[in-house]
Amino acid sequence: MAGNYLFAGSLLTAPQTAMWDLTPPDPAFAAELHGFAWLDDLAAVGDARARGRRRRGFGAGSTVSGAGRGRAGPRR
C-alpha cells in the first residue's frame, strides 16, 4: 500500500503509481504481477485502506486490459 512492489525478487518503489502503470523490469515480474497472488497480501491486512487498494487495482487492470481483450481493444 506504500507503493513498494516486490515481484519475482525485483523491487520497484513508486508510491503514486498504480501497479498496472509500472514498467516490469523483466518477464518474471510481469508474470507474478498478473498472477494475482498479491491479493492474499491485501486480504491479510484486511482494513479499509487495503480493500480500497484491491478495488482500485482491479478497476485499473480492467481498463488497461480492455476487459480481457488486451490492449488492442474489442474485436470487430
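Helices (H or I, at least four residues) and strands (E, at least two) are DSSP runs, numbered from the N terminus. With that in hand, let's walk through the chain. This is a predicted model, in which local features need pLDDT of at least 70 and side-chain atom pairs count only at pLDDT 80 or more, while totals for chains, interfaces and linings use all residues. Residues are numbered from 1 along each chain as its sequence is written, and side-chain values use heavy atoms, with hydrogens and water left out.

The secondary structure amounts to 3 helices and 2 strands, arranged along the sequence as β-β-α-α-α. The chain has 76 residues, and 25% of them count as buried; here buried means under 20% relative accessible area, exposed over 50%, and partly exposed in between (1.4 Å probe, protein chains only). Its accessible surface is about 5,300 Å², with 54% belonging to carbon and sulfur atoms. Such areas come from the Shrake-Rupley method with a 1.4 Å probe, and for residues only the protein chains shown count as cover.

Now to the inside. A nonpolar core is a set of buried Ala, Val, Leu, Ile, Met, Phe, Trp, Tyr and Cys residues joined through side-chain atoms within 4.5 Å. The largest one here has 11 residues: Tyr5, Phe7, Ala14, Met19, Trp20, Leu22, Phe29, Leu33, Trp38, Leu39 and Leu42. At least two residues of this core come from each of β1 (4–7), α1 (27–33) and α2 (38–45), and α2 gives the most, with 3 residues. In soluble globular proteins, nonpolar side chains tend to be buried together.

Ser10 sits in strand β2 and is buried, at a relative accessible area of 18%. Beyond its neighbours within four places in sequence, Ser10 is in contact (heavy atoms within 4.5 Å) with Tyr5, Pro25, Asp26 and Phe29. Of these partners, Tyr5 and Phe29 also belong to the largest nonpolar core. Across the chain, 26% of the contacts between residues at least 6 apart in sequence join residues at least 24 apart.

Finally, have a look at two loops. In the one between β1 and β2 (10–13) you will find Ala8, whose phi is near 55°, a positive value in a residue other than glycine. Ala8 is partly exposed, with a relative accessible area of 31%. The loop between α1 and α2 holds Phe36, which is not a glycine either and has a positive phi of about 65°. Phe36 is partly exposed too, at a relative accessible area of 30%.
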